[in-house]
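Hi there,

Here is the structure I promised to pass on to you. Have a look at it first, and then read my notes below.

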Amino acid sequence: MRGLYGTAYTAQVTLVALCIAAIVLVQQPSLAQEASTSRKPSSDPIVTTQQTDSVPEKQGPSSAIQTPPGGISLEDLLLQKGTITKDEWLRIRTEQEYRTADQTRRLDNLEEWKNRTEVLPILRDKVNFGLNALQFLYGHVNANVPEGRSQDSLSIRRAEMVFWGKLSDYLPRWHMLMEFQSTSLTNNTPLSGASSPTVATFFREAYIDVRPVQAWAPNLNIIRMGIFRMPFGIFTETSGGLRDIISSPYLNGVGGGGGPGQNRNGTGGAIEFIQERDYFVDVRGKIMNRLEYVVGIMNNNNFQANGIVSNTSGIGGANQPKAIYTRLRLFGDDVSFISFTMIQGTSNNAGTFINGRGKGHFDRYGIDFRYNPKFLPGFMVYGEYWQGHDGSNATTVGTAANGACLDTCGGSGAPGAQRRTWYVLAKYLFTEGPLENFESVYMYEEFDPNTRMSNDLYTRHIVGLTYYFENFPPKMQSKIQFNYEFRHHSGLGPDIALNAATDPFAQNAFFLQWQLRYM
Amino acid sequence: MRAIISLLILSLAMASACAHPYKVFPSKVMEDVDRNFDFSRWRMMTDGSESKKVQLGGRIVQSHASGDTVTIVVGQLPIVDYPAYGPKDNGKNNGDFVIIYQGQIERPDLQPGNRIMAVGTTHPPKVITVNDLSRSFPIVMAQCLHFWNTQGRDIADFPFYEAGYVTLRQETVCVSTPTP
């Protein structure tokens, strides 16, 4: 078929060329004569065929029919020498025209697709996605476990996808993080009676940034609203994909997990002294490139609280909004700093989604630091110190509680407690030699659930070794981590016995975790 | 409580108003820098133009270290004061140039996509090979360099970035004896 079309096309072009050549010969005999002696084969047919195809000359590769340097092409030369006939010459030129037109059409198609794809949001930084952390974990805890459970476990610790984009200079970022490892089906904390599974959320983070006046940035950089890691210290604000140890520090969560339950001393059960995420609106900025600040207000009821907001009535869950916070961070250089954080407000036990919160006044005071010397870039040390008060009758999530009364309204029955915790972590990354890409880590921490009690202290030493397959934080980090934890729990305070054999926070543990991160 | 908040806001507003613009190079290095330097014109007419002291910024495209000489191919970006001081991606291809620095630079600072700013003198073009293609680039012999380790992102994206808080690593280096 193509051969037939090709022949017809050749004949058509030949006819047109001959007609125009005849016209030119009649109207300008002298010019035609000149052409016939010097450039007769190349001039007229080229012009004709180009006109019929109307090929735009500015696109595509250099045309195959352009006269080469020296003014004469190979087929012209062959025609002049009589090696090929005029028909053959015309066929060659037509084939060349066809190829050029075909190339141009293809390039036009590519240009069209390029124009289409260039406006795709994913290529304009409006929509991006990445793998925040995919972590496979093997863990072993020495504690005695109940029937049906095991000291050893294989699990997916995190399966987090992150989505983000920049819509404009005034809306510099939107952000969502999905945790596919668990939808976190969480029990509510009713006023009385049994709790029931109430909320589940896929997302862990979702926020909008607004930069109201460009010229005010970075002094007043952004207003952020949504749910995200709270600006409380270092660990809380560090993504799980960039943490230096496998376990969360005690300031984010301690107790529970098969260990002793809540008690009248306020020393047992799970306690989340600083929640990692919450719903908030705050203002952030940096002054003179040295003093960074955050001022905001938050729900103070963890990320699950979104699930109990009624879409029809608008009535929200407990503790909303009841705490303000500020953080001032003073930089010594680009990466070393010291910070002061304050949280003030109230908390509730009824309806809470944060373990260890009571009814009444709530506060936290924290100081943190990080030092990364320029003369020893692989070394870093950082730490945090926190102290704060939880209201009375603190309860673990899912245990009914109704107010501050100590014996008649559920909860732990404990009076309000002052809690305190601190840690210090040091690490060294080998950047050359046989241990290149290995990082050694040591961390020590303490958690005192009630500063007025003795014999209730949690302590932990963690020694770790990390090997980085890829280490380009914050975008990429693939690594394998090994942590051994020397755990000790001195007790639950006066008059309450601790069975250390079944308390996972009183028994050593080790973990091996493989992580991928790419965005 | 309201008084504390009001005081805090007032303090921040005053501090913002009094804040000096952030600069990364010593003021002595910035002396004699041509503030009205026309990058586009320089790219087009490097042969005929005389050597000038300039400050240029951009995004690292490629780099190569050989001995004590580091050659950095940079896609030029405008230097802005806000939302964060430094080169800002304006979504346009403004043209490339090459920075030559006599000294040592840490490898992480030279990652493609990092933002860079240089103070130095302009020189006639040189042929540099980028992605197996040899091209002629206008040259800046750098006296001082400043790096933002952004890995392709804008400076203003930091530190409240990704799923957490990431401080932006920066580095300033200067040659011991300024290049003529």
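A search of the whole structure finds 32 salt bridges over all chains. A salt bridge here is a side-chain nitrogen of Lys or Arg within 4 Å of a carboxyl oxygen of Asp or Glu. The idea behind the term is that side chains of opposite charge can pair when their charged atoms come close.

Before the details, some ground rules. This is a predicted model, in which local features need pLDDT of at least 70 and side-chain atom pairs count only at pLDDT 80 or more, while totals for chains, interfaces and linings use all residues. Residues are numbered from 1 along each chain as its sequence is written, chains are lettered from A and ligands numbered from 1 in the order in which they are written, and side-chain values use heavy atoms, with hydrogens and water left out.

**Salt bridges within a chain**

Start with helix α5 of chain A, residues 86-118. (Helices are DSSP runs of H or I with at least four residues, strands are runs of E with at least two, and both are numbered from the N terminus.) A:Arg105 and A:Asp102 both sit in this helix, three residues apart, which is about one turn. They form a salt bridge, with their closest N and O atoms 2.8 Å apart. A:Asp102 is buried, at 16% relative accessible area, whereas A:Arg105 is partly exposed, at 47%. (Buried means under 20% relative accessible area, exposed means over 50%, and partly exposed lies in between, using a 1.4 Å probe and protein chains only.)

Next, A:Arg364 and A:Asp390 meet through their side chains in a salt bridge of 3.0 Å, N to O. This pair links distant parts of the chain: A:Arg364 is in strand β12 (residues 357-371) and A:Asp390 in strand β13 (residues 379-390), 26 residues apart. Both A:Arg364 and A:Asp390 are buried.

Chain B has a salt bridge between B:Arg135 and B:Asp96, with 3.6 Å between the closest N and O atoms. Here too the pair links distant parts of the chain, since B:Arg135 belongs to strand β7 and B:Asp96 to strand β5 (residues 96-102), 39 residues apart. B:Arg135 is partly exposed at 38%, and B:Asp96 is buried at 16%.

Finally, look for the network of salt bridges that links A:Glu205, A:Arg229, A:Arg243, A:Glu276 and A:Arg277.

**A buried glutamate**

Which strand holds A:Glu445? It is strand β16 of chain A, residues 438-448. A:Glu445 is buried, with a relative accessible area of 1%. Its side chain makes a polar contact with the side chain of A:Arg460 at 2.4 Å, and also reaches the backbone nitrogen of A:Tyr250 at 2.9 Å. (A polar contact is a pair of N or O atoms within 3.5 Å; within protein, one must be able to donate a hydrogen and the other to accept it, and residues adjacent in sequence count only if both atoms are side-chain atoms.)

**Disulfides**

How many disulfides are there over all chains? The count comes to two, taking a disulfide as a pair of cysteine sulfur atoms within 2.5 Å. In chain A, A:Cys405 and A:Cys409 form one, with their sulfur atoms 1.7 Å apart. A:Cys405 is partly exposed at 30%, but A:Cys409 is buried at 8%.

In chain B, B:Cys144 and B:Cys174 form a disulfide with their sulfur atoms 1.8 Å apart. This link is right-handed, with 110° about the S-S bond. It joins distant parts of the chain, from B:Cys144 in strand β7 (residues 133-148) to B:Cys174 in strand β10, 30 residues apart. B:Cys144 is buried at 1%, while B:Cys174 is partly exposed at 36%.

**Where the chains meet**

The contact (heavy atoms within 4.5 Å) takes 32 residues from chain B and 52 residues from chain A. About 3,300 Å² is buried between the chains, and carbon and sulfur atoms give 57% of that area. (Buried area is the accessible area, with a 1.4 Å probe, that two parts lose on being put together, summed over both.) B:Phe160, B:Glu162 and B:Tyr165 supply 22% of the area that chain B buries against chain A, more than any other three residues.

Across this interface the rule finds two salt bridges. In one of them, the side chains of B:Lys88 and A:Asp169 meet at 3.6 Å, N to O.

Happy exploring!
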